[in-house]
Amino acid sequence: MLKKRDDFEDILEERRRSSDLRYALRCYTPTLYRGLVPCKASMLKSIVLQSDHLQYVIKQVSSESGESTEGVSEEASLILDEMAHCLQLSTIRFFAFTLSKAFKRLFRSVCVNEEGIQRLQQAVQEHPVVLLPSHRSYMDFLMMSYLLYTYDLPLPVIAAGMDFMSMKFVGEMLRMSGAFFIRRSFGGDKLYWAVFSEYVKTMLRNGYAPIEFFLEGTRSRTCKSLTPKTGLLNIVMEPFFKGELFDVNLVPVSISYERILEESLYARELLGIPKPKESTSGLLKARRVLSEDYGSMYVYFGHPVSVRSLAEGKINRSQYNLLPRYIPQKPSADTHEFLSDAAFRLVRIQEENMVLKPWVLIATLLLQNPDGLDLSSLAEQTDWLRHLALAFGAFLDWPDHEACSEVVSCSLALHRHLLSVSAGHVQLSVTDVPQVETTPEEAVFHQAVVVLSCASYRNQILHVFLRPALLAMAMQSANSNRKDDVYNGFNFLRKVFSNEFILCPGDSVQDFEEACYLLMKRGVLQVLEHEIVMSASGHSTLAFLSSVLDPFLQGYQVVCRYLCEETNENLTEKEFIPAVRSFALKLILAGNTCYEALSSDLQKNALAAFLRLKAVRKLCLFTFLFLCHTGGKIPTQKPILARL
């Protein structure tokens, strides 16, 4: 049963009963922002190119480069031609028809919260809207446009990476369905940034269409939320800062999958196998996924978040009145802090509204029990974990009036490709090595694909257990029950893992109090004025919570050991991840660490944490990386010098 938030509607139910062609060709009359008629894509380009802001930057670039203003203007026009969308209803209708066919083959159901749709219908009429979906699959942006078309809402314009442009035919189809293409990084290209920012702000100011982008910047290969990027968020907030708009509505959207289409692809990418380049031929080859069962999909539209309300008391908008609006200004330190805080809180909202299926609980238990569990024991432990997750606020979809054993059996059937089930015993299929002759290293990588695929589901529920798990680990490592000592340990672990998980800056005390409250509510702890004491029945819960974070702790220890024991002077930054992966592989073969230590995502986060904590120092002038002591917090042997 879903925790009571909103009622959900399965949009595929209607699609299975009626004609897809009639659906695609139906009358589409979306409610628009203040009843405005959207301008054509060609008119939008003209407004951008003639804007005071872009003209100012063109003159500035011309002056700095010595190139004529006409030449720079032509360059700006070419950038805009490459970037701009060309939304056409005929293309949308084509996608509506083809996606209806595909979704009915892929998913048992696609459930959408009806109240969220009603809130969005109201929001688009009041102020410009920015849609902020979570990003776990390529399916996300296709589904978003499909849903808005289904509910007669204005179709979004979507920020997409340039990778898609290289796909013959498909790239142009995406452009005609509302995608605008941007480079992954702009470097110091002042003109490109000006064209891009003015294009987005013009669409926002004119209420042209909802703007859609992913706060995390890219798909999460681990299915954990990624640290949010603030560049685009600053662009969509700036018209409010400068008084050009009364308000902007930010709508966080949580998209969750019972089974992820790119599951094994992500695991292989984390193991260093390059991502296949986006291509039309690759898309056609991927048609075989249509024969698979991917279970249910949930889309939860959150409450619109007012930028005006967010900024109240935090942003002094008078600073933007000191210069004409068209002159670009770098965000102040206060603005940077506000943007970061807002981005983290929006991603937290995405996490909290993520609908979770029973499989995420089962995956968590199977990862903690590599030798497997009897089916009866697995059902019993899943039921225990379900009640713990619900007590901690999980948004769990658990079937009504079904025995736990039945629910577990259904989940195991959907994910049977990851499992070995024999004589009532269930374990991950890490022992099923391919029949062809393989080396020990190849066997480890095959097993790691299964473990990392399973971990991607456990990661979906980590936000529910994270704060209590940090507290459990802090209590385990503290030498006393003193509240201050436990808090210091909690705060240190929180700093170590702040690249790994969504932990809002400055919320350490609040997170600690939340963890204490949740564990007290479950009768696991007693929190006294100066002490935190485990109750007689709390051991199993604390042991489980500590185990949840254990793979991450082991992975960070591997990176730390590598820096202490193996680093040499010839290591370049590009070689760091492959070198750590080889080191981790040796440890796994020796039985000294877990498969998740092979994840490149974890290794990058660990290095970022050590740099931030000044356990590792990167000297950019000579491109050296220096490991130094940190008062015993991170185990080190001696200063290590490595070229990065």
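Start by selecting helix α20 (residues 462–477) and helix α23 (residues 539–565): their axes come within 8 Å and cross at roughly 95 degrees. So α20 is roughly perpendicular to α23 (angles of 65 to 115 degrees count as such). Axes are lines fitted to C-alpha atoms, for helices over the stretch in contact, and angles run from 0 to 180 degrees between N-to-C directions. Helices are DSSP runs of H or I with at least four residues, strands are runs of E with at least two, and both are numbered from the N terminus.

This is a predicted model: local features need pLDDT of at least 70, side-chain atom pairs count only at pLDDT 80 or more, and totals for chains, interfaces and linings use all residues. Residues are numbered from 1 along each chain as its sequence is written, and side-chain values use heavy atoms, without hydrogens or water.

Next, show the side chains at the crossing. From α20, pick among others Leu462, Phe465, Leu466 and Met473; they belong to the set that meets α23 residues including Leu542, Phe544, Leu545 and Phe552. Contact means heavy atoms within 4.5 Å. By class, this contact has 16 nonpolar, two polar and one charged residues. Nonpolar covers Ala, Val, Leu, Ile, Met, Phe, Trp, Tyr, Cys and Pro; charged covers Asp, Glu, Lys and Arg; the others, Gly among them, are polar.

Now go to Asp152, in the loop between α8 (139–150) and β4 (157–161). Asp152 is not a glycine, yet has a positive phi of about 60 degrees. Its relative accessibility is 23%, so Asp152 counts as partly exposed (buried is under 20%, exposed over 50%, partly exposed in between, with a 1.4 Å probe and protein chains only).

Last stop: His401, in the loop between α17 (375–391) and α18 (404–414). Here too, phi is positive, about 55 degrees, in a residue that is not a glycine. His401 is exposed, at 85% relative accessible area.

Technical notes. Angles under 35 degrees count as roughly parallel, over 145 as roughly antiparallel, 65 to 115 as roughly perpendicular and the rest as oblique.
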